[in-house]
Amino acid sequence: MTVIRQQDLISSIADAFQYISYYHAPDFIHALHRAYELEESPAARNAIAQMLVNSRMCAEGQRPICQDTGIAVVFLKIGMDIQWQAELSLEDMVNEGVRQAYNNSDNPLRASVVSDPAGARNNTGDNTPAVIHTEMVPGNTLEVTVAAKGGGSENKATFAVLNPSDSIVDWVLETVSSLGAGWCPPGILSIGIGGTPEKAMLLAKEGMMAPINIQELKSRGPKNTAEEIRLELYDKVNALGIGAQGLGGLTTVLDIKVSDYPTHISSKPVALIPNCAATRHTHFTLDGNGPAKLPPPRLEDWPKISLASKESSRQVNLDTVSRDDITQWQPGETLLLSGRLLTGRDAAHKRLVDLLTKGEPLPEGVNLKDRFIYYVGPVDAVRDEAVGPAGPTTATRMDKFTDMLLTQTGLMGMVGKAERGPAAIESIKDHGAVYLIATGGAAYLVSKAIRSSKVIAFPELGTEAIHEFVVEDMPVTVAVDTQGNSVHQTGPAEWQSRIAGIPIKAE
């Protein structure tokens, strides 16, 4: 009889979440490197290069791949012959492991979980509770899979109940083409088919934990319907030309996962969940012989990639840049930002807009005239860091605040990730402003360009407080220029045309 001890599970969970915060799995690195070598779009190739360099830096420095260190998801397959030596419940043991992982002083992870989600949305402070799925199985071991799922990709999860005769491939293509780039491609799309609505979603979530093996599948050929769908969708999704970070290019997905389950005669539930460029999951087994041992990957698994040089990028001094200067910037162009950069995410934007609506002054030190604001919620700094990993957040969440800030504060530009909506783009055009993107999935790399950081407003918001960064050569891409031209529209359209894109059937 196998005895699983309480502390063995707690410490294994804690170690696993630390492990996946800074180690990409080798299969992901190899797939991303292959995409980099094949990519022909300069903007997309540069974005993938940043992801690969960031990944290696995180493996070496043991700091988070992405500033959004995710909501903790845990799958447990519990052998029916196990005995427990524990005082806590299974759920409490898992949550204690998550708590220890996210509060680790050597590598603190950003706490992103809020309670009372429909009301006060108070941060729980330690990223608990985890989302836990359990299954009783034959045997005398405990199999554990942990994943950290960021909001950018989770927010793009989609579900539909199709008619039995409807095409799953058509639905996926229509859905993916509407998702935008907030899920940080290139990554993995996982699809669950059948069962009931909640079963389809669970199939999609669990399916994305499998190794990347689409090239092996292409070599041997499909053995069933699910594998046929995988291969068809892999080619057709990439043919959409969305590309890395939505900039347009050859690779949008590194793999497609399809899991199915018997369903009702009149139903065809289908779920789609993306896994972003910060793909984070691992698996271990406890057999009663102590905590799990997670061997670190070899640094040789990471390719040595060179980033774009200063000579090939436009250098921008944020302290002196003028509105005349920004009219020269072109969509898809790489900039290196230096100088003072403000930050602000959802909560800070709401505070600012509430003050403006009431006719009240903004906090002292928050002067947005001719300034740039970066949509970011950084990880806490450790040791000699100015700030922890500080990658961009999805910009569309700030769209509803954009026109008021541009109109009433004189804000010149914004930095985030992914596309802007039509109303935000029109406002950017009307005010002669610009929108830039930093690479999602390159948070540690971005943080190395931040020389200092101080909180200047709303300190009670924690990671969502307004900071002032001083940056040096922070790499960004022009996404929307002063004329309202968006690279997230022109880039994918160009590359879909180049690779004979698949036409999307209108609803």
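## Salt bridges, cores and cysteines

K218 and D235 join their side chains in a salt bridge, at 3.9 Å from N to O. The pair ties distant parts of the chain, with K218 in helix α8 and D235 in helix α9, 17 residues apart. The model is predicted.

**Salt bridges**
- The whole structure holds 26 salt bridges.
- K218 is partly exposed, at 40% relative accessible area.
- D235 is partly exposed too, at 43%.
- E333 and R314 form a salt bridge of 2.7 Å, N to O.
- That pair also links distant parts of the chain: E333 sits in the loop between α10 and β14, and R314 in strand β13, 19 residues apart.
- E333 is buried at 18%, whereas R314 is partly exposed at 30%.
- E154 pairs with K149 at 2.9 Å, N to O.
- K149 is buried at 2%, while E154 is partly exposed at 22%.
- D319, R340, R371 and E468 are linked in a salt-bridge network.

**Nonpolar cores**
- The largest nonpolar core has 92 residues, and I13, F17, L142, V144 and V146 touch the most other members.
- Helix α3 (residues 42-61) gives this core its largest share, 11 residues.
- Another core lies apart from it, with 28 residues, including I229, Y234, L240 and V258.
- L142 touches residues including I4, L9, W84 and F284.

**Cysteines**
- The search finds 0 disulfides.
- C66 has its nearest cysteine sulfur, that of C276, 6.3 Å away.
- C66 is buried, at 12% relative accessibility.
- C184 lies 5.8 Å from the sulfur of C276, its nearest, sulfur to sulfur.
- C184 is buried, at 4%.

Key:
Residues numbered from 1 in each chain as written. Predicted model: local features only at pLDDT ≥ 70, side-chain atom pairs only at ≥ 80, totals over all residues. Heavy atoms only, no water. Core = buried A, V, L, I, M, F, W, Y, C linked by side-chain atoms within 4.5 Å. Buried < 20%, exposed > 50% of the residue type's maximum accessible area, 1.4 Å probe, protein only. Helix = DSSP H or I, 4+ residues; strand = E, 2+ residues; numbered from the N terminus. Contact = heavy atoms within 4.5 Å. Disulfide = S-S within 2.5 Å. Salt bridge = Lys/Arg side-chain N within 4 Å of Asp/Glu carboxyl O. Lists of a residue's contacts leave out its neighbours within four places in sequence.
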